[in-house]
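Visitor: I am new to this structure and would like to know what stands behind the words used for it. Could you show it to me before I ask?

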Amino acid sequence: MNTSPIRLVIHGGAGTITRGKLTAELEQAYRQVLSQSLTAGYAVLEAGGSSIDAVIAAIVVMEDSPLFNAGKGSVFSNAGRNELDASIMDGSTRMAGAVAAVTMIRNPIRAAHAVMTQSAHVMLIGQGADDFAAEKRLEIVDPSYFHTQFRWDQLQKAIAEERVLRDHDADPDTSRRDRDEKRGTVGAVALDRHGNLAAGTSTGGLTNKRFGRVGDSPVIGAGTYADNRSVAVSATGTGEIFIRTVAAFNTAAQVRLQHITITEAADNTLAEIAAIGGDGGLIVLDAKGNYAMRFNTSGMYRGTIGSNGIMRVEIFS
Ligand code: ASP
C-alpha cells in the first residue's frame, strides 16, 4: 500500500475580513462552500488521482459559487465586463497553463489546464483564449452568466468614488479603503499519493480595473507556482505588487535554495510585499505534506484536509 501523505490546501481570498463585517449567515455560507471545495479535491486525492485534478476539482467548486471573485461572482472591469484570469502548474513536470481576460468560459481553471495539456503555449488571452476553450469543448456561457447584481452595484460605487477595489464591500473607514478591501480570488495547492505537487489560482481581478488589466493570478511565478523540489504556492492580494515581487516563485526559491521552513519563506515574501505597499496571502505546500496558510490582512478564507481526513476551515486571523 502506498503510504505517501496526501494534502489539499485552499484559499478564497484575503483582505478585510472581520467578524464585524460578516453576518453569521454569510460566514456559514462561506464555510460551506470552502468545505465543499475541500471535499471535492480530497475525493480525487483519496482515490489515487493526481494533484492537478484535485486542484481543478477544488477550484471549480469555488468558481461556481457566487460568493467568490472567480468564475460566477467575478467582479466587473471599468468597461462593465467580467474579465477572468486563471493559471495552473504541475510540480512534477513544471508544465503550466494560463488564461487571462477571458469572458465566456464558465470555469477558467479548466481552460488554463487545457492550455497546459493541449497547446504548445503557457498563456492565452482574450478572444484567442475564449476561442481555444470553445474549440476544446469546454463549457462556454453567455457573458451575462457572470453578471451578479452585487458585483454590478460594487462597480457603480467604485466608479462614483473613482477607485479600483479589490473585492466586496468597501471598508467603512475611508482611510483604509485602498489597502484593505476584501478579496475573493480562489486558489488550491495539492499533494497526491505519487508525491506530486500542483497549484492553481482563479480570479475576476479587481473591481473597476482598467479594461485589459491582467493581475498576478494568471502569471506563473507571481500568483501560482509548483515544483516538486520545493513547494506549490497560490497567492491572493494586490496583484501588481505580487507580480513585482514574483511572489509565488520567490517563496518556492527560498525553500529550495535557503532551506528555510515554508512558513518562514511565506512570511519573508509577505514582508517584501508589505514593504512596497501590498498585502494579501499565500498558501504553500511541500512534498512531505507540510503546509502554511499565511496572510498579512485581517482575514483569509482558507482550509485544508490531509491523509487523516480531518478538515480545517478558517476565515479570521
Ligand atoms: N490578486 C488578484 C488580482 O490582483 C486579486 C485578489 O487576489 O483578490 O487580480
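Visitor: What covers the buried residues of H1?

Guide: The cover over the buried residues of H1 includes S1, H2, S5, S11 and S12, where helices (H or I, at least four residues) and strands (E, at least two) are DSSP runs numbered from the N terminus. This is a predicted model, in which local features need pLDDT of at least 70, side-chain atom pairs count only at pLDDT 80 or more, and totals for chains, interfaces and linings use all residues. Residues are numbered from 1 along each chain as its sequence is written, and side-chain values use heavy atoms, with hydrogens and water left out.

Visitor: Which residues in H1 are called buried, and what makes a residue buried?

Guide: Buried means under 20% relative accessible area, with exposed over 50% and partly exposed in between (1.4 Å probe, protein chains only). Among the residues of H1 that are buried are Glu27, Tyr30, Val33, Leu34 and Leu45.

Visitor: Why are S1 and S5 said to pair?

Guide: Two strands pair if DSSP finds at least two bridges between them; five bridges join strand S1 (residues 7-15) to strand S5 (residues 186-191), so the two antiparallel strands pair. Leu8 stands opposite Ala190 in S5.

Visitor: What makes S4 and S12 edge strands?

Guide: Eight strands form an open sheet in the order S4-S3-S2-S6-S5-S1-S11-S12, with mixed pairing, and strand S4 (123-125) and strand S12 (311-316) each pair on one side only.

Note on methods:
Contact = heavy atoms within 4.5 Å.
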